[in-house]
Every structure is written in C-alpha cells, then in structure tokens.
Amino acid sequence: MKKVEAIIRTSKYEDVVEALEGIGIRFFSYSEVKGHGMEKSDEIVYRGAVYDAGYIPRTKLSIVIKDEDLEKVTSTIIANAQSGKIGDGKIIITNVEQFIRIRTGESSEDAL
C-alpha cells in the first residue's frame with residue numbers, strides 16, 4: 001500500500017476531489033496547510049501591520065491506496081491540480097506498512 005500526500009492550491013481542490021471520485025477514490029483526509037516554497041513572497045504594510053500578499057492558500061490531501069492504483073491516482077491529481085504556474089504544489093509518496101479499519105478490525109488492503 002502507498003500513502004499519497006498531495007499539497008495543492010485550494011482553488012483546485014474541488015476539481016481534484018471530483019476527478020478522484022471519478023476513478024473510485026472516495027476515502028481521504030484533507031486539511032488546510034501553509035508553507036514556504038519557490039514562489040515570490042510579497043509583503044504589504046497596512047496601518048503598521050505586515051501582510052503576506054503572495055500567500056497562496058493550499059490544501060493537503062492524504063490518501064492510502066493499493067500499490068496498483070498509484071499511477072492512476074498521481075496522474076489524476078497532476079492533471080486536475082496543474083495550473084502551470086509556480087506554486088502548484090507537490091506530491092509525496094510513502095510506503096504504508098499497515099492500515100486498520102477501527103470499526104471492523106480489518107487490516108491492510110481489506111480495510112481500504
């Protein structure tokens with residue numbers, strides 16, 4: 001099993017989720033995240049307070065999948081999250097040793 005973590009623009013979240021559901025991926029976690037990347041950070045000062053005007057809102061998706069679904073999931077995320085501009089995000093892939101469904105006690109791929 002693999003864990004796919006995708007950090008994407010929040011503006012692309014709905015497109016990515018709809019596409020993932022279209023290929024049968026319906027279980028995942030997501031959260032709003034902040035980070036520092038290659039995009040230029042612009043600061044503005046308003047009434048003595050400094051604001052980051054270059055901030056791009058991001059959402060992080062965490063998905064656990066079967067090994068054979070990896071290419072399909074990553075290509076779907078890329079196709080639907082890509083704008084072609086700096087700041088589109090990243091995909092991180094790690095191995096998952098075990099996955100357990102709390103309700104039933106099922107483990108590994110049976111719990112997916």
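Here is a friendly chat about how some terms apply to this predicted model.

Residues are numbered from 1 along each chain as its sequence is written, and side-chain values use heavy atoms, without hydrogens and water. Because the model is predicted, local features need pLDDT of at least 70 and side-chain atom pairs count only at pLDDT 80 or more, while totals for chains, interfaces and linings use all residues.

Me: Why is Thr-59 called buried?

Reply: Buried means under 20% relative accessible area, exposed over 50% and partly exposed in between, with a 1.4 Å probe and protein chains only. Thr-59 has 3% relative accessibility, so Thr-59 counts as buried. Thr-59 sits in strand β5; strands are DSSP runs of E, at least two residues long, helices are runs of H or I of at least four, and both are numbered from the N terminus.

Me: What makes the link between Thr-59 and Thr-10 a polar contact?

Reply: The term asks for a pair of N or O atoms within 3.5 Å; within protein, one must be able to donate a hydrogen and the other to accept it, and residues adjacent in sequence count only if both atoms are side-chain atoms. The side chains of Thr-59 and Thr-10 are joined at 2.9 Å.

Me: And Thr-74, is that residue buried or exposed?

Reply: Buried, because its relative accessibility is 10%. Thr-74 belongs to helix α2. Beyond its neighbours within four places in sequence, Thr-74 is in contact (heavy atoms within 4.5 Å) with Ile-91 and Ile-93.

Me: What makes Phe-27 exposed?

Reply: Phe-27 has 54% relative accessibility, so Phe-27 counts as exposed. Phe-99, at 16%, counts as buried.

Me: Which residues touch the most other members of the largest nonpolar core?

Reply: They are Ile-8, Leu-20, Leu-61, Ile-63 and Ile-77, in a core of 16 residues. A nonpolar core is a set of buried Ala, Val, Leu, Ile, Met, Phe, Trp, Tyr and Cys residues joined through side-chain atoms within 4.5 Å.
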